[in-house]
Amino acid sequence: MGPISRREFVRLGASAVAASSAAKTFLLEPAVLAAPGDRKIRFVSIGTGIRGCDILRSARKVPTGECVGTADLYDMHRKAGVEAWGSDIPTTRDYRELLDRKDVDAVIVAVADFQHRHVVLDCIAAGKDVYCEKPMSHNVADGFAMIKAVQENKRIFQAGSQRVSSVVFKKAA
């Protein structure tokens with residue numbers, strides 16, 4: 001193949017710009033989640049330590065989500081969760097109080113790794129969809145129990161990971 005003309009170079013450059021713009025629109029702009037009837041997805045956060053608060057600060061940027069409560073055993077973590085969300089929300093030491101609420105659609109689980117199985121199974125049994133911070137399970141048996149519960153109860157479950165959950169990683173893949 002010989003050298004390309006200036007006109008071909010400009011045409012190729014314009015095509016590359018258009019393609020990258022389209023790729024950004026389709027690959028880097030995630031779909032907006034919404035609950036039925038255009039209402040907000042109401043969620044609670046169980047665990048408001050460092051990672052739980054990071055997730056709450058990120059969740060504030062999602063216009064279709066509304067945090068309606070948090071749970072943590074430690075007083076300072078419960079206070080930090082309210083500060084991370086940015087408005088006054090109910091807090092409790094016993095997360096099961098939040099799972100009893102009929103107005104809660106989903107739960108963020110950001111507790112210690114060894115507690116993931118117990119908390120996730122309680123969430124699933126209460127009919128809630130779950131986002132569980134990494135690692136999903138403390139051991140293989142816990143993971144299989146969680147998968148079984150999600151499948152049998154037809155719930156939505158996502159195990160999070162900052163790197164591979166990113167839309168940039170999806171584009172690279």
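Me: On a 1 Å grid over the protein atoms alone, a pocket is an open set of points with protein on both sides within 12 Å along at least five of seven lines, unlike a cavity, where a 1.4 Å probe fits but cannot get out; lining residues have an atom within 4 Å of a point. How much space lies in the second largest pocket?
Reply: This is a predicted model: local features need pLDDT of at least 70, side-chain atom pairs count only at pLDDT 80 or more, and totals for chains, interfaces and linings use all residues. Residues are numbered from 1 along each chain as its sequence is written, and side-chain values use heavy atoms, with hydrogens and water left out. Grid points are joined across faces, edges and corners, and a volume is the space filled by probe spheres set on the points. For the second largest pocket that gives about 380 Å³.

Me: Which element gives the largest share of the lining of the second largest pocket?
Reply: Helices (H or I, at least four residues) and strands (E, at least two) are DSSP runs numbered from the N terminus. The pocket is lined by 20 residues, with Asp72, Leu73, Val111, Ala112 and Gln115 nearest its centre. Three of the lining residues, the largest share, come from α5.

Me: Why do the buried residues of α5 line one face of the helix?
Reply: Buried means under 20% relative accessible area, exposed over 50% and partly exposed in between (1.4 Å probe, protein chains only). In α5 the buried residues are His116, Val119, Val120, Cys123 and Ile124. The arc is that of the directions from the helix axis to the C-beta atoms. The buried residues line one face because, seen down the axis of α5, they fall within an arc of 135°.

Me: Which residues of α6 are exposed on its other side?
Reply: Asp142, Gly143, Ala145, Met146, Ala149 and Val150 are the buried residues of α6. They sit on the same side of α6, because their arc is only 165°. Their cover includes α5 (116–125), β5 and β6 (157–159), contact being heavy atoms within 4.5 Å. Opposite them, the exposed residues are Val140, Phe144, Gln151 and Glu152.

Me: How far apart are the end C-alpha atoms of α6?
Reply: The expected span of a helix is 1.5 Å times one less than its number of residues. The 14 residues of α6 should therefore span 20 Å. The end C-alpha atoms agree with that, at 20 Å.

Me: Which residue caps the N-terminal end of α6?
Reply: The cap puts a side-chain oxygen 3.2 Å from the backbone nitrogen of Ala141. The residue that supplies this oxygen is Asn139.

Me: Is Glu133 buried or exposed?
Reply: Glu133 sits in the loop between β5 (129–132) and α6 (140–153). Its side chain makes polar contacts with those of Tyr131 (3.1 Å) and Arg51 (3.3 Å). A polar contact is a pair of N or O atoms within 3.5 Å; within protein, one must be able to donate a hydrogen and the other to accept it, and residues adjacent in sequence count only if both atoms are side-chain atoms. Glu133 has a relative accessible area of 5%, so it is buried.

Me: Which peptide bond is cis, with omega near -15°?
Reply: Most peptide bonds are trans. The cis bond runs from Lys134 to Pro135.

Me: What phi does Lys154 take?
Reply: Most residues other than glycine have a negative phi. Lys154 lies in the loop between α6 and β6 and, at 71% relative accessibility, counts as exposed. Its phi is positive, near 50°.
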